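Have the structure open as you read.

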Amino acid sequence: MSTGILPPISARRRRTDRLMSGLFYAATGIALVPLLLIIGYLIKEGASQFSAAFFTTDPTGNFAGDIGGIRSAVLGTIEMVAIATLISVPIGIAVAIWLVEYGKRSKPAAIIRYLIDVMTGVPSVVFGLFIYVSLVETGIGGSGFAAWKGSVAISLLMLPIVARSSEVVLELVPNGLRESALALGAPRWRVIATVVLPTALPGLITGSLLAVARGAGETAPLLFTVQAAMGINFNLSERMNSLPLEIFNDVQSSNPAVVTRAWGAALTLVLLVLAITLLARIVAGRSRLKP
Amino acid sequence: MSDPKPLQDNPMTQDPDPLEPHTGESAAEDFASSEVPELVANDSEQAMPAGRRSHTITTQGLDAYYGDNHAVRNVTIEYAPNSVTSMIGPSGCGKSTVLRCLNRMHEEIPGAYATGDIRLDGMNLYAPDVDVVAVRRAIGMVFQKPNPFPTMSIADNVAAGLKLAGIRGADKDETVERSLIAAGLWDEVKDRLSHPGIGLSGGQQQRLCIARTIATQPNVILMDEPCSALDPIATLKIEDLIHELKRDYTIIIVTHNMQQAARVADLTSFFLQGELVEIGGTDQIFTNPTDSRTEDYISGKFG
Amino acid sequence: MTVEAGSVGERSMLERSPMARLPDRALRWILTALSFGILLLLVYFFGKLSLESVDVFQHQGILSFVFSNDWNPSKSQFGGLALLFGSVATALIALVIGVPIAVATAVFIVELCPSRLRSPLTILVELLAAVPSVVYGLWGVFFLIPRLRPFEQWAADTFSFLPWVGGPVAGPSYFIAGLILAIMIIPVVSAISREVISTVPTDHKEAALALGATRWEMIRTAILPYSRSGISGAAMLGLGRALGETIAVTLVIGNAAVIGHQIFDQGYSLAAVIANEFGEASAVPLYSSALFACGLLLFIVTLVVNGLARYIVSLGDIERRVERARRSERKSAAAPGGAA
C-alpha cells in the first residue's frame, strides 16, 4: 500500500512493533492465568462442599466422623472484621482529612504520610506479634486470646489502607468547592462536613471496602491474637473462629475430609472477598470524582 | 448609569484613621470628583428604595506573597460602596491575588501570606481578634469556574450558604426564592429546584453561584473573572446582573476582558507586575489614561 | 439574619463568639491528635519489639543474630541469616518475575487494549489482590508444587550451567515461594504503574507519534522514560509486600533453616519462622525473644525499603522537578520585577 508519497516503514521496525505488542498481550494473559487457575481449582475442590449443612453447622473438632461445617468461622470472620472496620475506618478517614485539609504539604504531614506508607508495608505477622505482646500476653481485658484483640490487629492492617486511599480521594475534591464554601463564610468543619465529605463519599466507601477485603483475608495476625474455637461465640473477649484460621488449621490435618473442608472454606472466603471487592468497584464507578 | 461620588464626602466612611486613599501615581482625584450616585446619598439604613448601602473596602500598603514569591507590591486602593470596580491587567499581574486578599482567601494557599492593611469601613480585616470566617461572611466571592456543590440540588446550593454559615431560623424557601430572583435565575429553575445544580448550563451555574453568594447577604461581592468560562450570551446576562447587584453591594471584579470592564465598571484599576499602576473612572481609564503603561495595555501593545 | 450596613457596630461584624469558634478548633485538635497517634503507635510498636528482642541480642549479640547462619532453637542458637536470606531471595525472585509482567500489563491496559476492555481487565488484575494469602498458599501446595515439578526438574537439568540452578528439585522451594509472591505483587505493582503511565502527558505521546514513531517506539521513547521512577517506586512497594508476606510463604517455602544453593532448594523466611514456630516458642523466653527480633528485623527492612521507594518516586516527581528548575531560575534571575 505504501506507494508514492508515503515513505514505507522499514520491515524491521514493523516487526519489532508487532513483536513488542505481542509481548504486551502475552504478559497480560499471563497475569490473568493464575486468577483463573486459582478460582477454577477452588471451585473444583471446594464447590462440592457447599450444602446447607456446610453453612449451618459448626466444626465439631472430631478427627473422624462428623467434622461439621464452617458456620462459626463465617460468623467469626464477619464479626471480627466488622469491629476492625469500626476502629480503622473512622481513624483512617480522620487522618486523611487532617493530611488533606490541615497538614497539606507541611513537614509533619510528610512524616505522617511516610509512616502510613511504612505501616502499609509492615508484615501482618509482625502486627500479630505486636498485639500479642501488648495485649494478649499482658492479659488486658481479663483474658489472653480474644476476638477483639484480633480485630485490633486487623485494624492496624486496615488503617493505613483506609488512610491512604481516603487521602487520594479527598485530594480529588476540587479545590474550588472548598474555596467557594469558605468564601460563603463557612467554618472549616462545616466545609468538611457538608461539602468535602459528601462529595468524596463514594471514594471513601471504596477505599474502606478494599481495606475490609484485605482484612477479611488475613490469617497471620489472628494466629497470635485470637486462636480458633469450634463453636459460635459472640463474646468478643474470648477465642473466636474465623475462615482464614479454619483453613490454615484444616489443611494441616491428615484426614482428607477435613482438608476438603478447607477448600470449601477457602472458596467461601474468596467469594466473600470478591463480593466486597466488586461492591467497592461498583461504588467507585458511581463516583463523580475522576482523577 | 455609573455615578461614583466623591469618596471624601462619603458619610459612611467612618474610618478611625483615614487612609490616604490612592497610590501616588494614580489619577484617583479625577474619578473622585466625577459624579455622585444618588442612591448612596442618604446614609441611614431605613428605607432606601433604590437599594442597600454597602461598605467601602480600602487597602493600604498591601503586599502579598506565595512563599518567597512577592506577587503583590504595596497596593493602596479604595473600592467605593455601591459601585463596580474592575481590576484589569495582563496575566500574573497580581489582580486576582489582591482580590483574594480582600476576603482573606489568599492565605488558604499553603505558604501564601499578605502584609499591610485592609479595612472594611474602617475595620481592619487582618486584626488579630478578627475571625476569618466572619470576614468571608461579610465579603462574598464568585469564582472563575462555576462550581455548584455537586452533591446538592439547586435549592440546596442556594441554601448551602446559610447552612454553611450556620445561620439558623432563616426561612429557607423564601431565601432561596429571593436569591434566585436577585440572580435572575428564578424563572429558569423554579420548576426544578430539587434537580442537581450541576445539571444546569455553565451560565446558569454561574448565576446559581451568585445566588448562593447573595443568599448569605454579604456586603461586598468579589468576582474573579466570573465570565471567563462562559459564552457571550451567558456573559451578557451576568453583566446585566452585576448592574442590578450594585444597588445593594460593593462589587469588585477581576477581568481579562477589557470590553467587559468598560461595560460593567464604574471605576477601573490597572495592575502590572504586582503593582497598581492607576485607578480612575472607567471612561477616563479607557479614553485618557494618565500612565503610559496603561495606555499601552489598553491599546493592545502588550498583554 | 441579615447584616444591615448601618446597624453594624464597630468590629462586632467581624468577630464571632468563642463558642462559635470552638468546633473548628476542636476538630482541628482531634484530627491532629489522631494523626500523631500514628506516630506514637509506631514508636511504641518499635520500642515494644526492641524491648522484646533485647534477650536474644544480649544472648548472642545483634551482629551474630543477623549474620550467623545457625538457626537451632533447641541448642539456643539463633543465627537468622538463613531466614533473612530466604526473605530477600524469594522477594527478589518475585520482583524478577512479577515486575515485568505487571508493567507490561499496565502498558497494555493503558495504551494498547481496546477501550471497552480497559475496565474489565483492570478489575480482573485487581481481583488478584482480593485472593487471601492463605488461599494462595493452599493453591501453591496442592496445585503448583506437584504440577510444576517436572518442568522445574527439566529446567534444573537443562540450565544447570547457570548459577543457582540445578540439582534435585525439592517440592517446596524458593522458586515456588517467589512465583506465588510474584502473582501476589502483580496487582499492586500493576495498579501503581498504570497510574503513573496514565499521567504521561498526551502531548509527549502525540509528539512521538507525529514524528512517525510506531506504537512500540512511542512507548519506548515517550512513556517508559517518563514513568521510569514511578515504576521503580511501584517495584519497591511490591518488594516490601513480598518481604512481609507470611502465610503463603510459610506453606510453600519448605521451612528449612538453611541457606539453599539452588533456587529449587528449600528455605525459610523471617515471616514464616514467626508464624511457624511461635506456638512452641512462647514457652521459652529466649526463643520467643528471637522471634520478636525476627519481627523487628523485618520491620526495619520494611522501613528502609519504603524510604527508598519514596525517594526513588520523588526523584521523578514532575512537580518537584519543575519546582527545582523554577527555583534555580529565580535565583539566577533574582533582582526586581518578577511578580506572578
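## Before we start

A quick word on naming: helices (H or I, at least four residues) and strands (E, at least two) are DSSP runs, numbered from the N terminus. Keep in mind too that this is a predicted model.

Ser76(C) isn't a glycine, yet its phi is positive, at about 55°. Buried or exposed, or something in between, for Ser76(C)? Ser76(C) is partly exposed, its relative accessible area being 31%.

Chain B has a case of its own in Arg104(B), a residue other than glycine with a positive phi near 60°. You'll find Arg104(B) in the loop that runs between helix 2 (95-102) and strand 4 (112-120) of chain B. Arg104(B) has a relative accessible area of 12%, so it counts as buried, the cut-off being under 20%.

## Where chain C meets chain A

Chain C and chain A each put 75 residues into their contact. Together they bury about 7000 Å², and carbon and sulfur atoms account for 79% of that. On the chain C side, Ile38(C), Trp216(C) and Arg310(C) supply more of the buried area than any other three residues, but that still comes to 9%.

By class, the chain C side that touches chain A splits into 49 nonpolar, 14 polar and twelve charged residues.

## Where chain A meets chain B

Over here, 20 residues of chain A touch 28 residues of chain B. The buried area is about 2000 Å², with 64% coming from carbon and sulfur atoms. In chain A, the residues that lose the most area to chain B are Glu179(A), Ala183(A) and Leu184(A), which together make up 32% of what that side buries.

Two salt bridges link chain A and chain B. One of them involves Glu179(A) again: its partner is Arg100(B), with the closest N and O atoms 2.6 Å apart. On the chain A side, helix 7 (175-183) and helix 8 (188-216) are the elements that give two or more residues. That side of chain A has ten nonpolar, five polar and five charged residues.

Key: Residues are numbered from 1 along each chain as its sequence is written. Chains are lettered from A and ligands numbered from 1 in the order in which they are written. This is a predicted model: local features need pLDDT of at least 70, side-chain atom pairs count only at pLDDT 80 or more; totals for chains, interfaces and linings use all residues. Side-chain values use heavy atoms; hydrogens and water are left out. Contact means heavy atoms within 4.5 Å. Buried area is the accessible area (1.4 Å probe) that two parts lose on being put together, summed over both. A salt bridge is a side-chain nitrogen of Lys or Arg within 4 Å of a carboxyl oxygen of Asp or Glu. Ala, Val, Leu, Ile, Met, Phe, Trp, Tyr, Cys and Pro count as nonpolar, Asp, Glu, Lys and Arg as charged, and the others, Gly among them, as polar. Buried means under 20% relative accessible area, exposed over 50%, partly exposed in between (1.4 Å probe, protein chains only).
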